[in-house]
Amino acid sequence: MDCNKVKGTDCKSAPAMMKRRILSFLFFALACTMFMTVSAQDIKLPAPDKTGGKPLMQALSERQSLRSYTKDSLTQQQLSNLLWAGWGINRPDKRRTAPSAMNDQEIDMYITLPGGLYLYIAESHTLKIINNKDLRRLTGTQSFVGTAALNIVYVADLSKHGKSESEKIEDSDLLLSYANTAFIAQNIYLYCASENLGCIIRGSISKDRLASEMGLRANQKITLAQTVGIPDK
Ligand SMILES: Cc1cc2nc3c(=O)[nH]c(=O)nc-3n(C[C@H](O)[C@H](O)[C@H](O)COP(=O)(O)O)c2cc1C
């Protein structure tokens, strides 16, 4: 473009304008790259398949705890179905597949996978990356937890009960959270029975060490953990 022929164009400022445009473009490209790098680590799960599965009475008759797993992973569809069955949203008012006292929904499901620690976000049916550490081994005291496909760590977020980080948390503050956890865990048991996956709910956890590695706040308390994986027959 000949700036001398274009009304209102200042020839002297044209190189500066071009420089500004290039810089803006580079800044935009960098911002896009950073956004993609961060969000690429989150896992957007496929939509859960809410049809099929074994009849309820058959799943109940096959529900059991398993302590022997292969190192194989679940498929993304199995992971999606598992999390939705456990604690997904099943109604337009955002209520879930498991009950919670006063519908507080204070239980969070953290998922330990070989590639990192994730938080299940039911609204978007997404696994949000928390860190890139493989914390499976730390979720329990039994050796199978370190190599099974995944462990769920149930965490009660007591800020939803009005507890601040500086307040002391008594065992009695957690009674309802243990009950709420158990309903989710049973959903997971039934999904696993239906899908021929293995699972086990576990109370033997080194909670302080695990909470520290997970970066939990003082008003977030681990209740139970649950291993899920491919049965080693
Ligand atoms: C609250 C709770 C905590 C448990 N903690 C452990 C545990 O830390 N390690 C373990 O191997 N099993 C644990 N179990 C599994 C039980 O041992 C198991 O459910 C029981 O032996 C009955 O077996 P079933 O689930 O196959 O019916 C736990 C079960 C519950 C309900």
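**Questions on a predicted model**

Author: In this predicted model, the side chain of asparagine 90 makes a polar contact of 2.8 Å with the side chain of arginine 91.

Reader: Where is asparagine 90 placed, and is asparagine 90 buried, partly exposed or exposed?

Author: Asparagine 90 has its place in the loop between helix 3 and strand 2, and, leaving aside residues up to four places away in sequence, asparagine 90 touches Trp84, Arg95, Arg96 and Thr97. Buried residues stay under 20% relative accessible area and exposed ones are over 50%, so asparagine 90, at 36%, counts as partly exposed.

Reader: How far apart in space are asparagine 90 and lysine 50, C-alpha to C-alpha?

Author: Along the sequence, asparagine 90 and lysine 50 are 40 residues apart. In space, taken from C-alpha to C-alpha, the distance between asparagine 90 and lysine 50 is 9.9 Å.

Reader: Why can helix 3 be called largely enclosed by the rest of the structure, and against which elements do its buried residues pack?

Author: Helix 3 is largely enclosed because ten of its twelve residues are buried, among them Leu79, Leu82, Leu83, Trp84 and Trp87. The buried residues of helix 3 pack against strand 2 (107–113), strand 3 (116–121), strand 4 (126–131), strand 5 (150–157), helix 4 (175–195) and strand 7 (220–229).

Reader: With which side chain does the side chain of serine 80 make a polar contact?

Author: Serine 80 lies in helix 3 and is buried, with a relative accessible area of 0%. Not counting residues up to four places away in sequence, serine 80 touches Leu45, Pro46, Ala47, Pro48 and His125. The polar contact made by the side chain of serine 80, at 2.9 Å, is with the side chain of histidine 125.

Reader: What is the phi of asparagine 196, and what is the phi of methionine 102?

Author: Asparagine 196, in the loop between helix 4 and strand 6 (198–202), is partly exposed, with a relative accessible area of 49%. Methionine 102, found in the loop between helix 3 and strand 2, counts as exposed at 69% relative accessibility. Neither residue is a glycine, yet phi is positive in both: just after helix 4, asparagine 196 takes a value of about 60°, and methionine 102 has one of about 55°.

Reader: Which residues are around the ligand, and what are their classes?

Author: The residues around the ligand are Arg63, Gln64, Ser65, Arg67, Gln142, Ile200, Ile201, Arg202, Gly203 and Ser204. By class, this shell has two nonpolar, five polar and three charged residues.

Reader: How much of the ligand's accessible area does the protein cover?

Author: An oxygen atom of the ligand is 2.5 Å from an N or O atom in the side chain of serine 65, and an oxygen atom of the ligand is 2.7 Å from an N or O atom in the side chain of arginine 67. A nitrogen atom of the ligand lies 3.1 Å from a polar backbone atom of isoleucine 201. Of the 620 Å² of accessible area that the ligand has on its own, the protein covers 53%.

Methods
Residues numbered from 1 in each chain as written. Predicted model: local features only at pLDDT ≥ 70, side-chain atom pairs only at ≥ 80, totals over all residues. Heavy atoms only, no water. Buried < 20%, exposed > 50% of the residue type's maximum accessible area, 1.4 Å probe, protein only. Helix = DSSP H or I, 4+ residues; strand = E, 2+ residues; numbered from the N terminus. Contact = heavy atoms within 4.5 Å. Near = heavy atom within 4 Å. Polar contact = N/O pair within 3.5 Å; in protein donor to acceptor, adjacent residues only side chain to side chain. Areas by Shrake-Rupley, 256 points an atom, 1.4 Å probe, with all protein chains shown as cover. Nonpolar A, V, L, I, M, F, W, Y, C, P; charged D, E, K, R; others polar.
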